Each structure stands twice: as C-alpha cells, then as structure tokens.
Amino acid sequence: MKMWTLSCLLCMTAVLQATFAKPTQEKRDRVHHGRDLSDHVHNDAEDFQYDHEAFLGKEEAKTFDQLTPEESKERLGKIVDRIDKDKDGFVTHSELHSWIKYTQKRYIEEDVMKHWREYDVNKDDKVSWEEYKNTTYGFYTDEEFEGVEDKNSYKAMLARDKRRFQMADQDGDQIATKKEFTAFLHPEEYEHMKNVVVQETIEDIDQNGDGFIDANEYIGDMYGSETEEEEPDWVKSERQQFIDFRDLNKDGKLDPDEVAHWILPGQVDHMDIEAKHLIYESDKDKDGRLSLHEVLDNFKLLAGSAFTDYGGYMTGSHDEL
C-alpha cells in the first residue's frame, strides 16, 4: 500500500499587507500495516517480479533492468558477501530475512530524513509541533485560515495532523525525536499508532459520517463509475470479500475492530515468508542455507538482469543487519 508524502508548500501571498504560507491541499494516502512486499502477483510460473521487489526493494527494482546477466551475477555475488554477516560462506534464513527487512524499511528512513531536514527549522535535531505546523500550514496565529480558499478542509487537515503528532509524541512534550517523527510520518509501522491508523482509514472511506464503513463505501473507495454499466468481476469479488471476510459480525458495516482486522493483519510476516521461499527455491542441496554458487545459479529469481543501488550497498552501511 501507499505510504504518506507530507510536502512543504511555502507559496507566499500578500493579504492585508501580511505574508502567509498557504498549506498544501495534497490528499494524504492511507497507510496500511503488514503490507505485502510487492504489488505484483506472487506467481513464479509467470515472472519473478514479486521476488525482485521483495529482495531489492520496490523503488530500486523499477530502475535497474539494464544490466546483462553477467553484470547482474557479478554484483549479486558482492551483495551476497554483504548479506553473509558471519562470513561463513553461506546465506542463512536469518541473514536473508534481515536483508529483506532492510531493503523494505530503507525507504522509510530515506523519507524521514528528507522531511527531517525540512521541518527541523532550528537545527536542534528535533521537530516540534510548532515547527511542523508553521512549515506546513504557515504562520497563522488563530489557525482559522482566514483568506484561504476551502479553509474548512485545511482546518480538518491541521486537526488530523495534530492528533497524529500527539499520538506519536509519547512523552507529550510537543517535540518529536527522530523515532517519534518516524511514527508520525509512518504510523503503520508502530503498534502504539494502531488506533490513529484505523481512525484515519474510517474517516477517509466513511462518506455518510456514521463512523462505520458499509459495503458501498468500501467499494466506492476503490472503484467509481459514473455510468450504469455492470460492475466488473473484480468488484463483485470485492463485495463478496466484504461479506465473507471483512464484516465479521455480519451487520452490514465495518466497525473500528473490523477495520483493524482488515488493515492491520498483525502476525503475518511477509518478509519471513519470502526469505523461506527464496531459500527453498534456490537451495539445491537442501541443507537449509544458500552458497554463493546456489545464489548465482538461480540469480533470475533474486535479481534477473537487474540489481539495485550497487554503489549505495557497497559504500553505505546497514548496521541493523
């Protein structure tokens, strides 16, 4: 699922000889925890795109399809050396699991650092609520957005950001550490942010304002048609999913607990599942680990003719592995 992108918009306009920054009207995307590792169907009989994105990371896998098989193997061999933390010549399940976790989480760190530089105005290595609010919405003293078109939308957006910031700010000092700011930008990654993720999801989909998501709202969030044409088969399938698996108490609507069950699947560790899959498919001697020869022999599964961010992997560090 999509993650949120919070942009800084400082579009200056003169109003009554005062200068204000107009806040962004960009729609925030919902966040979902426990997301899959790729938007592609995991079907190795058709292609290995799912495995490539799982192993390399989504964004990186998109841009490195220009390498020859020889180049890919050469670089893959050097990456294997990075994954093999104990230098015993083999990649274990634990090491591969850690690597996949790194590639999947790295984009979060990069996103946080990008916004950290924007919002840490006084460069004290913290982001206060005032810094975030002023940078995003401008220096409005009364927070009423007078003179701004569609001010009600901005007020609602500000209130939503404030609620999320307060949830992420665990010590309540209105100042976010880097960890707290990460929870603010990516609440789907933190257990203590579960309630705000559920609440925001309901607010985004609930059109009649009753605090629940009915079947039409559920479908309307993913499919909209202005014609009288019959719904596609996939939409009919989603309606049945709503009845069979989403609406657990069969009252025709999703309450907060049911929404949490839907978007926060909890214990499913897709990275662990993928690590086991990659080892199973490549482990020719069935000793439960991968040698360099086994990895290179099955390089199409892991990288095909593409490999990502070679320079970054070689020169950078990922101590969390």
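The model is predicted: local features need pLDDT of at least 70, side-chain atom pairs count only at pLDDT 80 or more, and totals for chains, interfaces and linings use all residues. Residues are numbered from 1 along each chain as its sequence is written, and side-chain values use heavy atoms, with hydrogens and water left out.

The chain has 15 helices and eight strands. Helices (H or I, at least four residues) and strands (E, at least two) are DSSP runs, numbered from the N terminus. Of the 321 residues, 41% count as buried. Buried means under 20% relative accessible area, exposed over 50%, and partly exposed in between (1.4 Å probe, protein chains only). Among contacts (heavy atoms within 4.5 Å) between residues at least 6 apart in sequence, 63% join residues at least 24 apart.

**Nonpolar cores**

- A nonpolar core is a set of buried Ala, Val, Leu, Ile, Met, Phe, Trp, Tyr and Cys residues joined through side-chain atoms within 4.5 Å.
- The largest nonpolar core holds 38 residues, and Phe 181, Ile 213, Val 259 and Trp 262 touch the most other members.
- Elements giving two or more residues to this core include helix 4 (93–119), helix 6 (151–168), helix 7 (178–185) and helix 11 (256–263).
- A second, separate core has 23 residues, including Tyr 50, Val 91, Met 271 and Leu 290.
- Trp 262 touches Thr 201, Ile 205, Ile 213, Tyr 218, Arg 246 and Leu 254, not counting residues up to four places away in sequence.

- Helix 7 is mostly covered, with six of its eight residues buried.
- Those buried residues are Glu 180, Phe 181, Thr 182, Ala 183, Phe 184 and Leu 185.
- Their cover includes helix 4, strand 4 (127–128), helix 5, helix 6 and strand 5 (175–176).
- Helix 6 and helix 7 pack at about 140 degrees, with axes 8 Å apart.
- Helix 6 is therefore oblique to helix 7.
- Angles under 35 degrees count as roughly parallel, over 145 as roughly antiparallel, 65 to 115 as roughly perpendicular, and the rest as oblique.
- Axes are lines fitted to C-alpha atoms, for helices over the stretch in contact, and angles run from 0 to 180 degrees between N-to-C directions.
- Asp 161, Arg 164, Phe 165 and Ala 168 of helix 6 meet Glu 180, Ala 183, Phe 184 and Leu 185 of helix 7.
- By class, this contact of helix 6 with helix 7 has five nonpolar, no polar and three charged residues.
- Ala, Val, Leu, Ile, Met, Phe, Trp, Tyr, Cys and Pro count as nonpolar, Asp, Glu, Lys and Arg as charged, and the others, Gly among them, as polar.

**Helix 1 and helix 12**

- The axes of helix 1 (residues 49–56) and helix 12 (residues 270–282) come within 11 Å and cross at roughly 115 degrees.
- Tyr 50, Asp 51, Ala 54 and Phe 55 in helix 1 meet Glu 274, His 277 and Leu 278 in helix 12.
- Residues of this contact divide into four nonpolar, one polar and two charged.

**Partly exposed residues**

- Leu 248 lies in the loop between helix 10 and strand 7 (253–254).
- Leu 248 is partly exposed, at 45% relative accessible area.
- Leaving aside neighbours within four places in sequence, Leu 248 contacts Glu 258 and His 261.
- Phe 245, in helix 10, is partly exposed at 48% relative accessible area.
- Phe 245 and Trp 262 are 17 residues apart along the chain, with C-alpha atoms separated by 8.5 Å.
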